[in-house]
Amino acid sequence: MKKERRRVMIVQCRHRAEAPGCCLAYGSRRRGFAVVFALMLMSLTVLLLISLLFLARLDLEAGIMVRRLQEARGNAIFALEEAIAALQEAAGRDASVTARADLLLEGGAAEMIPHAWTGGLRSDEERVRWLVSGSVTSPLEDWPVPDPEERVRLDGINSAPADPLWAPRVAIRTPRSGEDPTTVETGGYAWWVGDEGVKAPVGVGAVPFEVADTGSHGVPVMRQQMRIFSTLSSLWPDFSRSAAGRLLERVRTVRQAALLPGVDTLARRRSAGHYSVLSRALLTDPARGGWRVNLEDSDYTDAWIGEAVRGWLDSAAAMRRPAEGFDRGAHYPEALRLERSQAAFGALPQASGSPWHAPLPVITELKLSVGFFHTHGSDRRHRARFHVEAELWNPYGVPMEMSAGDPHGYRGTGARGFIMVWDGLPAYTVENLDTGASFRFDMSAFDSSLRTNTVSNSMIHTWVVFRDGLLLPGETYHLLEPDPILQEEGLQRRISDTPWLWSEDGGEPAAAEAGNWLAPDHVIRFTPDQQAHRVTVFVFPFQGVIPRAVHPLDYGEPVYVLRDIPYRAEAFELFGSEYTRRFSLEYSPADYRVAWYLRLLDDDESLERLMTRRDPREPVWDFNDPRVAEFYDIEPDPRATVMREDYFSSLDPTFFDNRVNSHENTGSARYGDLRLFDVPAVAPLSIGTLRHMPRLGKPAYSIGSVDGGAWNGVFDRYFFAGSTRYEPDGKTSRLWNPRLRVAPGSPDLDRGNPAAATVAPWLEIATPFNLHATSTKAWEAVLDSVLEHWRMSGTVVGADGVPERRHFEERLIAPVFRRPFSAHFGNGLSHDSDGNGVIGSSKTQGVRSLDRSGTVQALADAIVRSLQSAARQRRQPFRSIEAFLGSGLLEMAIADSGLNAGIPYHVPTHLNQGDLIALLAPFATVRSDVFVIRAYGETTHPITGKATGRAMCEAVVQRIPEYVAPDFDARTIPPSELSDPRNRALGRRFVVTRFRWLGPEDL
């Protein structure tokens, strides 16, 4: 062992000899590496510890962030629940309305407060509840706008980028730990309720709501087709209309609409504030509460819908739809039969303002010509002869049939429609100034014991005969009774039974008694009992010849009365040679001496005054009322009337017909063909149809106008379901109103009666539109939501000169039908230079087509201005459609838009408020039932006060038929009978139909 160790030492010594200190240096290097290694190991350990601590911190912070996000979402859910509760309280009851803030805000307030805030107004409150977080009350002008730090931006796809939407931030405070009574802010929330009803509904039936095709079984049906609004099409130019129609049927959310082809983000954001695919509404009454009533139920009556209204709704048989056009040479199977209304209504209604309807012609011109004579060649008695000349106007767009006539007709032809009776004509004393003989007669009460050739012996009266028993649509029919061909001499009455002998040579006859003789140079004086008279004309429906023993005024109940017309009777004289005739038949109308005349003024100015003050179909015209007398031209001088032979037609700019007792009038003097009114030919689809029904003492078209008064409540209270069943192509359908649909979860209506008055709980409006909408684009879309193809037949002369039958079609944009059930009796459209269907045949066409590029936009803009002006004056939304119409804002908008420039008021193409509300009525509301809620929640650091977590959600909520407490009250119970106080206070329940959390891409 020693040797080996020495050997090692020698090796080591060899190093030392070569490099002194070498071995010492080598040993130190080994010890330094260990130190470095140890330090590195310690560093790695420290790094690992730090990493573990960092990971633990990250995990802790992630947990804190998740917890704060959960807390923020919890605050957002709390905000959503608070929003639903506030919405339930403000708009859950039927009798409540909703609107946006920009309806009422103006000036600086509109710039400080978001226009998209939704307000709810209950019928029992005067204060609008603004559905945003915080205590916001009306009026908003007095509400202190919070600091920007105390409000939250909630805008996104439901508002345009230029219109930021914010809501007040509400702080959430929690108590401090321990016994500290103070609190600390730990979070906050905000919410906003958006009204979907004030947006234009996307995907609307593109056919007019009051017109219908005829199915294979002759039952009227409604074609339905879907199309996108033209405004949306302009935003999506690459999106074909046919493709849009198919896709939009499957679109149910705004998000889905945003994914349609060709829609960029900017267009989506700009359009979503004006259009909605979410809208739907219950058929409830916003004024009184409860369900609306379906007027198709023929058994339903109430204080408004009585016998007169019900009879009017059922007044005519089914007719063709207007789009089919009209062949003027066709037969008229749909003629309105007069006996229907006469049997249903009997005597004229007396209550002022009561609705009524009797489809009668209007007397536009009337003349009674009378002559007096003596017959010396027969019985030597004194007689009167007369003719009745009249013009009768059929103001309806359907033909009127006089079917209550004599089966044998008048001398073998025609139908006796009416009997006209004159009462109050003057009594005359006839005196021979040369002999002193005299007698007295009363033209209103002739001797009934004498036989004459007319319907009876008393009074001046005659029947009114129509040769073919028909009045054409809008026709002014000129008639003369008796017929100048069949009985040229006129009707006669004996005015005295005392004979006067005739002396041709002027000598007194031997047989003369008490001076009862007449010579050619004798002067015969006719002296009225008094100069001022009031004449009344009664019109009775013909029900057979008046019995001889019956006084004409006891014949029946009149259907038309012209009461107390001023008449000035004056004395006049005749020579004996002028007065006498050999036989009665020798006296002709050329010998008439006095006449009675009046004419309904029919220039444009007079007709406008008439239509705005009184209905021309009014059955009683009392001339004691100066407001009635101003509508007529009355000739005060009976002698001057006789001398005028050109009264009829030549004075009339509108009602004229120069041919007597004939429909064959052609050329410049053909009948005026003015049609103003309609009668339901099928079950209507719009309550606006009631505007055609006259009301006593009210202007024409009063229902739907400012003059409608309480009757405008029909737009809130009733609806038409369009529940006529039909079987086109082997399929069964219950509703042909494209605006309605059966509500989800409703029972099968086939098991019940779809036309029942109580069917409303099982239906819903598929495309509602809140009339409080302040979006011009939304109004444009709604007004432009109808397309129609107008078809008419006509005869044209070809190049070879041979007439041929052709069909013409025109595509109508936004048509407004003044006569929804009889427009096919009119002519096709004539266009002015702007392409609007207005001028030309506007008196007969019955439809107004609006120009999409100009008139629709102008009208929509004017409606929004008028709407905001009227609402700001009221300082609250309209509580009902009745109040909306009572403001007359649609009438003001039409005037401001200039749509009626150059169009006479009485022409059907002259639009009025009633025309527009008829267009809107099937889907118009003043409250909304679908809302979008945006709710925001956040958590804040209790020390720094800065937000540490944020979340925002969006929910679609919808009002459903069930009440808040459904276990106690059924959905069909009216509000007045609710037993649960919660249901009386909160109404019908809101439910969440869609929910989602919002991400950055949605804001």
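**Reading aromatic contacts and burial**

Biologist: Is Phe441 buried or exposed?

Modeller: Buried means under 20% relative accessible area, exposed over 50%, and partly exposed in between, with a 1.4 Å probe and protein chains only. Phe441 has 3% relative accessibility, so the residue counts as buried. Of the 1003 residues in the chain, 56% are buried. This is a predicted model, in which local features need pLDDT of at least 70 and side-chain atom pairs count only at pLDDT 80 or more, while totals for chains, interfaces and linings use all residues. Residues are numbered from 1 along each chain as its sequence is written, and side-chain values use heavy atoms, leaving out hydrogens and water.

Biologist: How many aromatic pairs does the structure hold?

Modeller: Rings of Phe, Tyr and Trp (its six-membered ring) pair if their centres lie within 6.5 Å; planes under 30 degrees apart count as stacked, over 60 as edge-to-face and the rest as tilted. The structure holds 32 such pairs. One of them joins Trp393 and Phe655: the ring centres are 4.6 Å apart and the planes stand at 40°, so the pair is tilted.

Biologist: Which parts of the chain does the pair of Trp393 and Phe655 tie together?

Modeller: Helices (H or I, at least four residues) and strands (E, at least two) are DSSP runs, numbered from the N terminus. Trp393 is in strand E17 (residues 382-393) and Phe655 is in the loop between helix H13 (638-643) and helix H14 (714-717), so parts 262 residues apart in sequence are tied together. Trp393 is buried at 2% relative accessibility, and Phe655 is buried with a relative accessible area of 2%.

Biologist: What does a stacked pair look like here?

Modeller: Tyr428 and Phe441 are stacked, with 6.0 Å from centre to centre and 20° between the planes. Tyr428 lies in strand E20 (residues 427-432) and Phe441 in strand E21 (residues 438-442), 13 residues apart. Tyr428 is buried, at 0% relative accessibility. Both belong to one aromatic cluster, whose members include Phe372, Phe439 and Trp500.

Biologist: Which charged residues sit over rings?

Modeller: A charge sits over a ring if NZ of Lys or CZ of Arg is within 6 Å of the ring centre and within 35 degrees of the ring normal. The charged end of Arg151 is placed over the Trp166 ring, 4.5 Å from its centre. Arg739 lies over the face of Phe923, 3.9 Å from the ring centre.

Biologist: Where is Leu55, and is that residue buried or exposed?

Modeller: Leu55 is in helix H2 (residues 22-91). Leu55 counts as exposed, at 53% relative accessibility.
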